[in-house]
Amino acid sequence: MRYWLMKSEPCEFSIDDFSAHTNQTIAWEGVRNYQSRNFMRNQMAIGDQVFFYHSCCKDPGIMGVAVVSKAAYPDATQFNRDNKYFDPKATVNNPRWFNVEITLVKRTRPISIKELRQHNELSRMRVLQTGNRLSITPVDPAEWQFILAIL
């Protein structure tokens, strides 16, 4: 099993939206970064655990725990000309972008980036590194366990 942190801007898709979504399951579509795509396509598996993280907002931080509930498959938005994530180079026979599905396990108390930075045990966490802009990052098992303990 692997552990991940997946960022979403709350103005686009928040923990409230996630909680209200059918079966509390969503396709993590629209990712247009190759490294994040590769994490989903090549490494994420059903059962992997995920921290759901609000980014690009007043108080960024972890808002919940989810689980990967469906393995990677082609992201349908790349084929839809009316979608902002349309990719004219993608074809059904040669898709460029993939997504997984995740299911909300539970909402948590908000754990702000400021609080995460206060713990030396998390100093190497990728989301805390200067310049990190990836929407999906791996989380070390020790970091995962530490964060669960402070929830």
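Predicted model: local features only at pLDDT ≥ 70, side-chain atom pairs only at ≥ 80, totals over all residues.
Biologist: Take Met44. What does Met44 touch, not counting residues up to four places away in sequence?

Modeller: Met44 touches Trp4, Met6, Phe39, Val68, Val100 and Ile136.

Biologist: Now the strands. Do strand 3 and strand 4 run parallel or antiparallel, and how many bridges join them?

Modeller: First, a general idea. In a regular strand, side chains alternate between the two faces of the sheet. In this model, strand 3 and strand 4 run antiparallel, joined by six bridges. Phe52 has Gly64 in strand 4 as its bridge partner. The hairpin of strand 3 and strand 4 has six residues between the strands, and there Cys56 takes a positive phi near 50°.

Biologist: How many bridges join strand 4 to strand 5?

Modeller: Ten, and these strands run antiparallel. Lys70 stands opposite Glu101 in strand 5. The charged end of Lys70 also sits over the ring of Tyr73, 4.6 Å from its centre.

Biologist: Which other charged end sits over a ring, at 5.7 Å from its centre?

Modeller: That of Arg37, over the ring of Trp97.

Biologist: How do I read a pair of aromatic rings?

Modeller: Use the distance of the centres and the angle of the planes. Here the count comes to eight aromatic pairs. One of them is Trp4 and Phe39: tilted, 5.3 Å centre to centre, with 55° between the planes. This pair links distant parts of the chain, with Trp4 in strand 1 and Phe39 in helix 2, 35 residues apart.

Biologist: Are Trp4 and Phe39 buried or exposed?

Modeller: Trp4 is buried because its relative accessible area is 0%. Phe39 is buried too, because its value is 6%. The cut-off for buried is under 20%.

Biologist: What about Phe18 and Phe52: what is their centre to centre distance?

Modeller: It is 5.2 Å, and the pair is tilted, with 55° between the planes. Phe18 lies in helix 1 and Phe52 in strand 3, 34 residues apart. Both are buried. Ring pairs link Phe13, Phe18, Trp28 and Phe52 into a cluster.

Terms used:
Residues numbered from 1 in each chain as written. Heavy atoms only, no water. Contact = heavy atoms within 4.5 Å. Pairing = 2+ DSSP bridges. Helix = DSSP H or I, 4+ residues; strand = E, 2+ residues; numbered from the N terminus. Phe/Tyr/Trp six-rings, centres within 6.5 Å; stacked < 30°, edge-to-face > 60°. Buried < 20%, exposed > 50% of the residue type's maximum accessible area, 1.4 Å probe, protein only. Lys NZ or Arg CZ within 6 Å of the ring centre and 35° of its normal.
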